[in-house]
Amino acid sequence: MTSFIDPFSNGKLLQASSEHKFIKMVSNGEISEEQFNTWLSQDYLFVIKYVHFTAFVLQNAPRRDYSLLINGLSVLSDELNWFETKLKERNINPEKIIPFPENTNYQNWLLNLTLTKPTSYLMMLTIFYGIELCYFKAWKEVKNEKYKEFSNRWSSNEFGKYIDDLQAAINEESKKSSNDEKKEIIEKWNIIFEYEINFWNSCITK
Ligand code: MP5
């Protein structure tokens with residue numbers, strides 16, 4: 001099923017996911033341990049704050065989307081435990097990770113969306129979907145056995161189903177939205193990918 005965001009999304013989305021240098025380096029093994037650890041550490045901090053954003057999406061959700069989003073939140077809680085295990089395996093102390101500005105800026109942008117009124121549920125849901133879709137498309141591209149556990153996490157069939165369900169929820173919600181609202185959402189949608197690109201870049205350039 002196509003959604004109102006489809007025709008506009010591809011270029012930037014791909015640059016922020018399957019075509020990004022970070023993903024190519026993971027896939028061909030050029031990534032250094034230090035660069036990978038940097039990403040893992042920064043992403044851990046990102047996901048901690050992202051839980052609050054997800055909770056905000058849920059707070060604005062209609063009854064029909066409760067189980068989808070509550071399940072999403074529960075997966076995020078498990079994911080944080082998983083991150084902590086991975087950090088430990090790599091001798092990284094979670095307490096000592098300092099967020100990069102590219103990480104904090106992204107988090108603050110999301111936080112600001114939750115503070116700016118009016119923010120429609122459709123807008124929040126679409127942004128949430130964009131963030132998840134970016135990781136789905138990125139990690140699906142990684143074919144390196146060494147990082148299988150990471151690529152599986154974000155590109156499994158189960159995760160793909162979750163992505164489809166989010167898209168179906170957007171399609172349902174967008175039935176009643178105006179063209180102006182859709183236009184505003186598409187503008188925000190493209191900003192997500194700028195933040196994602198900067199986030200990946202920061203992990204390989206410092
Ligand atoms: C995701 C993530 C995917 N973990 N980090 C960034 C910077 N963008 C997107 O979110 P999730 O909830 O881990 O699937």
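**A buried glutamate and its surroundings**

E196 counts as buried, because its relative accessibility is 3% (buried means under 20% relative accessible area, exposed over 50%, partly exposed in between, with a 1.4 Å probe and protein chains only). The model is a predicted one, in which local features need pLDDT of at least 70 and side-chain atom pairs count only at pLDDT 80 or more, while totals for chains, interfaces and linings use all residues. Residues are numbered from 1 along each chain as its sequence is written, and side-chain values use heavy atoms, with hydrogens and water left out.

E196 lies in helix α9; helices are DSSP runs of H or I with at least four residues, numbered from the N terminus. Leaving out residues up to four places away in sequence, E196 touches A16, Y106, I131, C134 and Y135, where contact means heavy atoms within 4.5 Å. An unreviewed UniProt entry lists E196 under "active site"; such annotations may be inferred rather than shown by experiment.

The ligand has 13 residues around it, of which D43, E79, E132, W154 and E196 come nearest (a residue is near if one of its heavy atoms lies within 4 Å). An N or O atom in the side chain of D43 is 2.6 Å from a nitrogen atom of the ligand. For E79, a side-chain N or O atom is 2.4 Å from an oxygen atom of the ligand.

Y106 belongs to the buried residues of α5, together with N103, Q107, W109, L110, L113 and T114. These buried residues pack against α3 (33-59), α6 (121-140) and α9 (179-205).

How values were computed. Helix = DSSP H or I, 4+ residues; strand = E, 2+ residues; numbered from the N terminus. Polar contact = N/O pair within 3.5 Å; in protein donor to acceptor, adjacent residues only side chain to side chain.
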